[in-house]
Amino acid sequence: MIRPHEKTNFTGATYILASSILTILIFDKPIAILAIAFIVVGDTAGAIVGRMWGRNRYRNKTLEGSASFFVACCIVALLVSGIPLWVKIVGAFIATIVEAFTVYVDDNLTVPLISGALMQLIVSQLAAL
């Protein structure tokens, strides 16, 4: 259940808990819900599809896993109200990019915080117009 690097470091669950707390404290409720859902649902879909059907590898990821991460995030985005659809899709895309290219910090920490920050920034700029 624990990956080799997690024996001497924090587990992915620790990072999800920390990022969830920060996300809830920092962002508006719909954005926090969506940003947390991106990592929970998207990462699960990406891992399952990547391991079972992933053929096109880059780093320790697969294109198929990343594509399923994005699709899962878009589906979750449809379920959350209070944010314009295009902002949610941009957030899903950013979450996918962050998940795919995070190297030195656990993606369970970076995905919700970065995607949430971008969505919050866009929504606040829209409100200022």
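Author: Let us begin with burial: buried means under 20% relative accessible area, exposed over 50%, and partly exposed in between, with a 1.4 Å probe and protein chains only. Cysteine 74 is buried because its relative accessible area is 14%. Cysteine 73 also counts as buried, at 0% relative accessibility.

Reader: On what basis are such values given?

Author: This is a predicted model, in which local features need pLDDT of at least 70 and side-chain atom pairs count only at pLDDT 80 or more, while totals for chains, interfaces and linings use all residues. Residues are numbered from 1 along each chain as its sequence is written, and side-chain values use heavy atoms, with hydrogens and water left out.

Reader: How many disulfides does the structure hold?

Author: A disulfide is a covalent bond between the sulfur atoms of two cysteines. The criterion here is a pair of cysteine sulfur atoms within 2.5 Å. The structure holds zero disulfides. Cysteine 73 is in none, the nearest cysteine sulfur being that of cysteine 74, 7.0 Å away. Cysteine 74 is likewise in no disulfide.

Reader: Which residue forms a salt bridge with glutamate 99?

Author: Side chains of opposite charge can pair when their charged atoms come close. A salt bridge is counted when a side-chain nitrogen of Lys or Arg is within 4 Å of a carboxyl oxygen of Asp or Glu. Glutamate 99 pairs with lysine 61, and their closest N and O atoms are 2.7 Å apart. Helices (H or I, at least four residues) and strands (E, at least two) are DSSP runs, numbered from the N terminus. Glutamate 99 lies in helix H4 (residues 85–101) and lysine 61 in strand E2 (residues 61–62), so this pair ties together parts 38 residues apart in sequence.

Reader: Where does aspartate 107 lie?

Author: Aspartate 107 lies in helix H5 (residues 107–128), so its pairing with lysine 61 ties together parts that are 46 residues apart in sequence. The N to O distance in this salt bridge is 3.5 Å. Lysine 61 is buried, with a relative accessible area of 18%, and aspartate 107 is buried at 12%. Shared partners join Lys61, Glu99 and Asp107 into one network of salt bridges.

Reader: Is isoleucine 21 buried or partly exposed?

Author: Isoleucine 21, in helix H1 (residues 12–26), counts as partly exposed because its relative accessibility is 45%.
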